[in-house]
Amino acid sequence: MSVYFVPDRDAARAFIGFKHINGAHRWDAYAKAMFAARWYREGKVPLDEIARNIGDRHDTIKRMVHAVYVLEQAEAAGVFTVEDRNTPRFSFSHLYTALARATYRQFLGVSGSWSRYEPTTNPIVEAQVDELGEVLRWIYGSKEDGIRPVVQSQNPDLKLLGEVLVNSESLLILRETGSLREAVASLKPAGEEFEAALVRARRELRRVLENLRGFDVRNDVLLKIAQDNLEAAETIHERMRSKMRDADARDDG
């Protein structure tokens, strides 16, 4: 068995970190971030030196350590714990990626980019800690409260959630419904969403028509659904015609 002698604890950290981050026994992102944060906090070692010793980029390690401090603040304030997440695994990259986005920083009351600051404890102002809890529950969910995360994939859900956070109407919808899809829909102008939905409906109806031979005549439920679609289409068509007539009348007047 090989034994390596080092002069101090920081030298040992450099060896252990490199082995587990770039070697055969790699840690996941959260373990890497916790190791770097502990080293930074206890060893008083600059982040650029830590990044160099463990073979990673300085800006990545800095974002990770910032995210560790944010997570620790949320847990200390009782607004979120990793153990309460409603996901099989803890996707730590979701958090430090989100915090790098201006929309999340704006919602959490952080001015400027994280790169302007050295990581510190309690980086979120106290007045925004509840909002931090909301963000973390939307990203990771809560088993205790039966909340499913609205972020199903980092791309595009994380970006879309950020856009919702800085739009008052969309944020209200997200808080009331817990649906990222409904909240995102409100970001678009009503006319744009109407056009897109109408085109999608036509495309889906054409698919139904092309596959009509697959209709099971014994399934009267499908016939009722078709009747509902017919009534909805007729209502939409009539209201569109009515709006056009009203517009023509105003122009003539």
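What covers the buried residues of H7? Among the covering elements are helix H4 (58-77), helix H5 (92-99), helix H6 (102-107), helix H8 (154-165) and helix H9 (168-177), with contact meaning heavy atoms within 4.5 Å. Helices here are DSSP runs (H or I, at least four residues), numbered from the N terminus.

Before clicking on, note that this is a predicted model, where local features need pLDDT of at least 70, side-chain atom pairs count only at pLDDT 80 or more, and totals for chains, interfaces and linings use all residues. Residues are numbered from 1 along each chain as its sequence is written, and side-chain values use heavy atoms, leaving out hydrogens and water.

Now select 129-140, which is H7. Because 10 of its 12 residues are buried, H7 is largely enclosed by the rest of the structure; buried means under 20% relative accessible area (1.4 Å probe, protein chains only). Val-129, Trp-138 and Tyr-140 are among the buried ones. Step just past the end of H7 to find Gly-141, with a positive phi of about 75°.

Next, show H8 and H9. Their axes (lines fitted to C-alpha atoms over the stretch in contact, with angles from 0 to 180 degrees between N-to-C directions) come within 6 Å and cross at roughly 110°. The two helices are therefore roughly perpendicular, a label for 65 to 115 degrees.

Last stop: Ser-91, in the loop between H4 and H5. Ser-91 has 16% relative accessibility, so it counts as buried.

How values were computed: Expected span 1.5 Å × (residues − 1). Buried < 20%, exposed > 50% of the residue type's maximum accessible area, 1.4 Å probe, protein only. Parallel < 35°, antiparallel > 145°, perpendicular 65-115°, else oblique.
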